[in-house]
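Hi everyone, thanks for coming. Please have a look at the picture with me, and then I'll walk you through a few of its details.

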Amino acid sequence: MIFKFRYFLVFFFFSVLLSIYFLLPIGIIFADSGGVTLTVTISQNCGNGVAEGSEQCDGSDLAGATCVSRGFTGGTLSCNANCTFNTSSCTSAAPVTPSGGGGGGGGGGGGGVIIPSGTTVVFSGRAYPKSTVTILKDAQVAASTIAGVDSNFAITLSNLSAGNYIFSVYGEDKDGIRSSLFTFSVSVTAGVTTNVGGIFIAPTISVDKSEVKRGDDIAIFGQSASQSEITVMISSDEAYFAKVNADKDGVYLYNFDTSSLDYGNHNAKSKSALAGSISSFSNAVAFKIGTKNILDQKPVKKILKGDVIGDGRVNLIDFSIVAYWYNRANPPVKVDLNGDGKVDLIDFSIMAYYWTG
Amino acid sequence: MKRFIFLLFITYSLLYAVPALAAKLELVSSISEIGVGQEFQVDLILDAEGEDINAAQGKIIFSENLLELKNSNDGNSVITFWIQKPVYVEGKGIEFSGVIPGGFSGVLGPYYKGGKPGKILSLVLKTKNEGNGSVEIKDAKVLLNDGKGTEADAKISGLQFQVSNLIPSTKYQILDSKDTDPPELFTPEVSRDPNVFEGKWFLVFAAQDKVSGIDRYGEQETWSREPDRNKWQTVESPFVLKDQSRTSYIFVKAIDRAGNERIVVVTQKFAPWYKKPIVDMILTLVAFVVLILMARWLWRLYTKQH
């Protein structure tokens, strides 16, 4: 009888093993360790001595903050070179745990809060209202999120190793047009949460005509952060600048009178400013001054340079196809991006510029 | 007076001259002299110097009668994708070329302002004989991230040092950072294109390792949900799939130079009928029902006999 009961136990054990095999997904989970928070702020105004925009401080301007207001009992608060608070001389450090309400006063966005985590990077900044924001980690898509109605977004990447990463961020506007890639390299420390703040995604830009009859208007439009101030630059022999405000949905439109432009090819680009922060310039959009008006095709349908397989993206697949033709004779036209009859470093550089991940 | 004004003008011109932007590609090491039989590290560094760089290539050569290459490491490199992975060829040196999609203008960090230079690769060299040694960069090109592949006006600098028996052997130590982290999570993709591999399905992959760098990749295509540890084959991206019907799971393993592994899977595009999720679920369910019935029957048998 005991022999038969053993059979039952073996059978039961086998069943449990089978259940584990079928129900558990394949994956490896790494434990997080507690850590501190470091901040990298991307700011074009840092160093001018005035704490503005997403800067916590700038030089001696601490924006009214003290060690006490940062959760310490005393000491001297100072400012790091990257316009973040230096609390190393503050005394009796008492880490503040985030509570439900958040907030905690204006400018700066609640830095200094210690959140238990592993090696993590938190990205935050401005995009376009309700737009999709995508983060590339070392040129491959790592995460995406939807920005709020106020255009602000935050994305967290966890379980990273310590080292230097190249991150890129882009936004996609309401018409599915992607912004230019905003790329930066960040040194990530083990066991630490690094906040990368102050990201301001460049506006998208389109024109209504690919060729404009000289003297007619060309509509230059796109999307950026809600209520931001847009500077449109039209490149010609001399550059023309114009300012226009985006509406609450971040949409802007500027009608440019082309009388002042010569016949030939021109391009336009735009950048955005809001609360002391300035974005980089958008991609340039080309148009021609001629003798007739030709409507521009929908920008979404345009094929990106470097998009070899034509899926609307420039990524590792396209890179691999071009790499296959590297230094080989008679490459196909679509992999020879500068049309010089060979695939060399220049073609890869062009592809890297148009990269979408 | 005229002379004074002229001198004043020259002085001001020199004081306020705007330094021209020029990226730097340089070999750096902590040594200026070293003993015979010792090892030392040389880093190839890219300093963007305010430029936006997205591609670099070159060749590193060294005095082979004085030095031998012990190790090269591209972990934590600013180069995201290698077109030509740095590999040493005797008599030819180490050729490399790679790209940085989106561009590189310096490494940002929380403890300093602006961007710091980034490492492209590191070499560990061992001295063999006495003499004046050098490590140099040849045929270097650094391209701007401007959509045209414009060549940057880059400053290229090599390394000179003396190898002597008079230098104590303990003077230079190479930092030995232990790599216990697996390569970063990565996402292989499957595609096909009439321009390559006769339009067959191929696999592309690229993993990163921030400490020792990626050593090699393994691949296997199987109907099983788990990879077989004995069936890995070493592959390079891009790789033409053996199973062109795409009914297999594709496992890709990235192995770093310290031997740490990361395995990822690409699921089947066209699962055979008996591998389709719904059939899989029904079979699993049936297996459980049978198991429960058998358990009940065995339990009844056991309790009856007691």
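**A hairpin to start with**

Let's begin at the hairpin of strand 19 of chain A and strand 20 of chain A: there are 2 residues between the strands, and A:A275 takes a positive phi near 50 degrees. Before going on, please keep in mind that this is a predicted model, where local features need pLDDT of at least 70, side-chain atom pairs count only at pLDDT 80 or more, and totals for chains, interfaces and linings use all residues. Residues are numbered from 1 along each chain as its sequence is written, chains are lettered from A and ligands numbered from 1 in the order in which they are written, and side-chain values use heavy atoms, with hydrogens and water left out.

When I say strand or helix, I mean a DSSP run, numbered from the N terminus (helices are H or I with at least four residues, strands are E with at least two). Two strands pair if DSSP finds at least two bridges between them.

Strand 20 covers residues 277-278 of chain A and pairs with strand 19 in the antiparallel sense over 2 bridges, with A:L274 opposite A:S277. Strand 19 (residues 264-274) is also joined to strand 16 (residues 229-235) of chain A by 7 bridges, and those two run antiparallel. There, A:T231 has A:K271 as its bridge partner. Strand 21 (residues 285-290) of chain A pairs with strand 19 too, antiparallel over 5 bridges, and A:N267 stands opposite A:A286.

**Where the chains meet**

Now, how many residues of chain A are in contact with chain B? The count is 61, and they touch 68 residues of chain B, where contact means heavy atoms within 4.5 Å. The area buried between the two chains is about 5,700 Å², and carbon and sulfur atoms give 66% of that. Buried area here is the accessible area (1.4 Å probe) that two parts lose on being put together, summed over both.

The rule finds 3 salt bridges across this interface, a salt bridge being a side-chain nitrogen of Lys or Arg within 4 Å of a carboxyl oxygen of Asp or Glu. In one salt bridge, the side chains of B:K210 and A:D138 meet at 2.8 Å, N to O.

Strands take part here as well: strand 11 of chain A and strand 8 (residues 107-109) of chain B run parallel, joined by 2 bridges. A:S185 has B:V107 as its bridge partner.
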